Amino acid sequence: MVRQGQLGYQRMGIAGLPYLVVAGRVPGSAAQLYLFFPEQSIERNLAQLRNTLAAAWLGVVLVAALVGRALARRTLGPVARASEAAILMAGGRLDTRLPAGAADEFGAWAAAFNEMADALEAKIAALSAAQARELRFTANVAHELRTPLAALVAEASLLSGQVSHLPDPARRPVELLIADVSRLRTLVDELMEISRLDAGSEPVQQRLVDVMSIAAALISARAGKTGLPCMAGSSR
């Protein structure tokens with residue numbers, strides 16, 4: 001390019017150092033002029049700039065991570081607390097509540113959760129009270145029935161000894177009365193047992209039962225009341 005009379009430049013290394021070489025022909029002469037500009041300071045400045053930008057980039061990344069973590073904690077913290085509260089309520093801690101008072105969506109969410117928890121606690125308390133009243137009513141009814149039932153059982157036992165001496169038209173009603181008193185005694189005993197089981201004062205005992213015999217007895221008792229023929233012994 002210099003021989004053609006043009007101005008040229010090129011970067012090259014001389015003795016291990018970077019230089020910018022600018023060359024051109026001297027006007028009105030065949031002489032060529034070469035100028036060497038050292039670029040060590042430029043590379044040093046570029047290296048410093050590179051290091052500064054890298055450090056700034058790392059700082060920005062670190063600050064962004066800290067800010068993101070703080071925002072995530074602030075955003076997901078109420079969700080985590082709500083999850084913990086739901087788990088506690090599922091485990092029976094009905095007095096669990098969320099801290100409310102914030103003027104954002106999470107504050108409204110916490111207030112709604114607390115209202116739901118209050119309603120659920122009140123409903124369960126009402127159901128527990130109703131169940132307790134039902135258990136007391138069942139126990140009281142069974143207890144109050146025992147005295148008149150004892151008298152009925154005693155009278156039925158006296159009648160059972162005189163059934164054979166009764167006339168035929170009166171024998172069947174007396175037999176039905178004795179059977180009904182016996183079933184009533186069984187029902188009251190079972191009612192007392194159920195009340196004790198519900199109160200937890202008696203352990204539950206499991207045993208195998210013959211469902212067919214129970215069904216046959218129920219059908220037989222029902223048929224005796226309605227006057228229908230009993231089909232309990234049938235293969236059907």
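Trainee: Where is the place of Tyr 34?

Mentor: Tyr 34 is in strand β3. Keep in mind that this is a predicted model.

Trainee: Why is Tyr 34 called partly exposed?

Mentor: Its relative accessible area is 40%. Buried means under 20% and exposed means over 50%, so 40% for Tyr 34 falls in between and the residue is partly exposed.

Trainee: What makes the nonpolar surface patch?

Mentor: Met 12, Ile 14, Tyr 34 and Phe 36 make the patch, with an area of about 360 Å². A patch residue needs over 30% relative accessible area; Tyr 34 has 40%, so Tyr 34 passes that cut-off.

Trainee: Which strands each supply at least two residues of the nonpolar patch?

Mentor: They are β1, residues 8–14, and β3, residues 32–38.

Trainee: How do you know that β1 and β2 pair?

Mentor: Two strands pair if there are at least two bridges between them. β1 and β2 (residues 17–25) have seven bridges, so they count as paired, and the sense is antiparallel. Ile 14 stands opposite Leu 17 in β2.

Trainee: Which residue takes a positive phi in the hairpin of β1 and β2?

Mentor: Ala 15 does, with a phi near 55 degrees; this hairpin has two residues between the strands.

Trainee: What makes β2 and β3 a pair?

Mentor: The cut-off is again at least two bridges. β2 and β3 have seven, in the antiparallel sense, so they pair. The bridge partner of Gly 24 is Leu 33 in β3. The hairpin of β2 and β3 has six residues between the strands, and Gly 28 in the turn has a positive phi of about 75 degrees.

Trainee: In what order do the three strands form the open sheet?

Mentor: The order is β1-β2-β3, with antiparallel pairing. β1 and β3 are called edge strands because each pairs on one side only. On average, neighbouring strands of this sheet are turned by 25 degrees against each other, direction ignored.

Trainee: Is Glu 39 buried or exposed?

Mentor: Glu 39 has a relative accessible area of 9%. The cut-off for buried is under 20%, so Glu 39 is buried. Glu 39 lies in the loop between β3 and α1. Leaving aside neighbours within four places in sequence, Glu 39 is in contact with Arg 11, Pro 18, Tyr 19 and Leu 20.

Trainee: How many salt bridges does the structure hold?

Mentor: The structure holds five salt bridges.

Trainee: What makes the meeting of Asp 95 and Arg 93 a salt bridge?

Mentor: The nitrogen must lie within 4 Å of the carboxyl oxygen. For Asp 95 and Arg 93 the N to O distance is 3.5 Å, so the pair qualifies. Asp 95 has a relative accessible area of 51%, which is over 50%, so Asp 95 is exposed. Arg 93 is at 45% and therefore counts as partly exposed.

Trainee: How do you know that Glu 121 forms a salt bridge with Arg 97?

Mentor: The closest N and O atoms are 2.6 Å apart, and the limit is 4 Å, so the pair is a salt bridge. The pair links distant parts of the chain: Glu 121 is in helix α2 (residues 105–161), and Arg 97 is in the loop between α1 (40–90) and α2, 24 residues apart. Glu 121 is partly exposed at 31% relative accessibility, and Arg 97 is partly exposed with 28%.

Trainee: Where do Arg 183 and Asp 180 lie?

Mentor: Both lie in helix α3 (residues 168–199), three residues apart, about one turn of the helix.

Trainee: Which residues do salt bridges that share partners join into one network?

Mentor: The network consists of Arg 97, Asp 118 and Glu 121.

Definitions and conventions:
Residues are numbered from 1 along each chain as its sequence is written. This is a predicted model: local features need pLDDT of at least 70, side-chain atom pairs count only at pLDDT 80 or more; totals for chains, interfaces and linings use all residues. Side-chain values use heavy atoms; hydrogens and water are left out. Patches are made of residues with over 30% relative accessible area and no salt bridge: like charges are joined within 9 Å, nonpolar side chains (Val, Leu, Ile, Met, Phe, Trp, Tyr) within 5 Å. Accessible areas come from the Shrake-Rupley method with a 1.4 Å probe; for residues, only the protein chains shown count as cover. A salt bridge is a side-chain nitrogen of Lys or Arg within 4 Å of a carboxyl oxygen of Asp or Glu. Helices (H or I, at least four residues) and strands (E, at least two) are DSSP runs, numbered from the N terminus. Buried means under 20% relative accessible area, exposed over 50%, partly exposed in between (1.4 Å probe, protein chains only). Axes are lines fitted to C-alpha atoms, for helices over the stretch in contact, and angles run from 0 to 180 degrees between N-to-C directions. Contact means heavy atoms within 4.5 Å.
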